[in-house]
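I opened a notebook for a structure that was new to me. My entries follow in the order I looked things up.

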Amino acid sequence: IPTDPVFGSSWSTNLEAVEALRCPTAQVRAEVGSGQLFERGVMYFIPAGDIWAIVAGGSAGGPYWHVPQAPSEQTWDAAPPDGLRMPRLGFGAVWRAVDGVRQALGFARTDETAASLSIQQFEGGALLLDSSSGQVFVLVGTLDSGSAYGPY
């Protein structure tokens, strides 16, 4: 299966990420979901329930987490610094309950907004395109976690 051209080619200049991805295993799938920007990354949601928490790691790679369904809502709050906010709903549940996410992403910089996403699975991970912002992330690792390269 070829890599879908919707992802462009800028991500393919990172040879470490390209080698780790290996070959596509599925056709691209388009989703309408939501996204939210954080101090050091972004979170994405698709209606099937999947949530990705991605630390913007550039060409060096940062961590990402994938949760197939949001955990039970956590009820504790933290006081965000001026101009930042606590994530809510599913993003908030992942931010509060999944070890490392809150510390890695920091607080939300924006409210949750609609996002057009494209996802293509590979042997070693996935490509994720946020068409709303024009950003591509290379996610290398298991379905649950790994290294995120980008945005490209």
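**Entry 1**
Anything in between is partly exposed. I also noted that the model is predicted.

I then looked up histidine 66. Its place is in strand β4. Is histidine 66 buried or exposed? Its relative accessible area is 6%, so histidine 66 is buried.

Next I checked its partners. The side chain of histidine 66 makes a polar contact with the side chain of aspartate 50, at 2.6 Å. I set aside the neighbours within four places in sequence and listed the contacts of histidine 66. They are Asp50, Ile51, Trp52, Leu143 and Asp144.

**Entry 1. Salt bridges.**
How many salt bridges does a search of the whole structure find? I got four. Side chains of opposite charge can pair when their charged atoms come close.

Arginine 29 pairs with glutamate 31. The closest N and O atoms of this salt bridge are 3.2 Å apart. Arginine 29 has a relative accessible area of 30%, so I logged it as partly exposed.

Arginine 96 pairs with aspartate 77, with 3.2 Å from N to O. Arginine 96 sits in helix α2, residues 89-97, while aspartate 77 sits in the loop between β4 (58-67) and α2. The pair therefore ties together parts that are 19 residues apart in sequence. I compared how the two partners are placed. Arginine 96 is buried, at 10% relative accessible area, whereas aspartate 77 is exposed, at 60%.

Arginine 85 pairs with aspartate 111, and here the N to O distance is 3.5 Å. Arginine 85 has 28% relative accessibility and counts as partly exposed.

**Entry 2. Helix α2.**
Arginine 96 made me look at the rest of its helix. Which residues of α2 are buried? I found Phe91, Gly92, Ala93, Val94, Trp95 and Arg96. Then I asked what covers these buried residues of α2. The cover includes the strands β1 (29-38), β2 (41-45), β3 (51-55) and β4, and also α3.

Leucine 89 is found in helix α2 too. Its phi is near 50°, a positive value in a residue other than glycine. Leucine 89 is exposed, with a relative accessible area of 56%.

**Entry 3. Another positive phi.**
I made a note of arginine 22 as well. Its phi is positive, about 65°, although arginine 22 is not a glycine. Arginine 22 is found in the loop between α1 (15-21) and β1. I logged arginine 22 as partly exposed, with a relative accessible area of 49%.

**Entry 4. The largest pocket.**
I looked up the largest pocket. Its volume is about 160 Å³. How many residues line the largest pocket? I read off 14. Those nearest the centre are Trp52, Gln121, Ala126, Thr142 and Leu143. Trp52 and Leu143 were already in my notes as contacts of histidine 66.

Next came the elements that supply the lining. β4, β5, β6 (125-130) and β7 (135-141) each supply at least two residues. β5 gives the most, with three residues. I also sorted the lining residues by type. Seven are nonpolar, five are polar and two are charged.

Where is glycine 134? I placed it in the loop between β6 and β7. Glycine 134 is partly exposed, with a relative accessible area of 48%. Leaving aside neighbours within four places in sequence, glycine 134 is in contact with Leu129 and Tyr152.

I then took the distance from glycine 134 to proline 151. The two are 17 residues apart in sequence, and their C-alpha atoms are 9.1 Å apart in space. Proline 151 lies in the segment after β8 (145-150). The peptide bond that joins glycine 150 and proline 151 is cis, with omega about 10°.

Conventions
Residues numbered from 1 in each chain as written. Predicted model: local features only at pLDDT ≥ 70, side-chain atom pairs only at ≥ 80, totals over all residues. Heavy atoms only, no water. Salt bridge = Lys/Arg side-chain N within 4 Å of Asp/Glu carboxyl O. Buried < 20%, exposed > 50% of the residue type's maximum accessible area, 1.4 Å probe, protein only. Helix = DSSP H or I, 4+ residues; strand = E, 2+ residues; numbered from the N terminus. Polar contact = N/O pair within 3.5 Å; in protein donor to acceptor, adjacent residues only side chain to side chain. Contact = heavy atoms within 4.5 Å. 1 Å grid on protein atoms, 1.4 Å probe; cavity = no way out; pocket = protein on both sides within 12 Å on 5 of 7 lines; lining within 4 Å. Points joined across faces, edges and corners; volume = space filled by probe spheres on them. Nonpolar A, V, L, I, M, F, W, Y, C, P; charged D, E, K, R; others polar.
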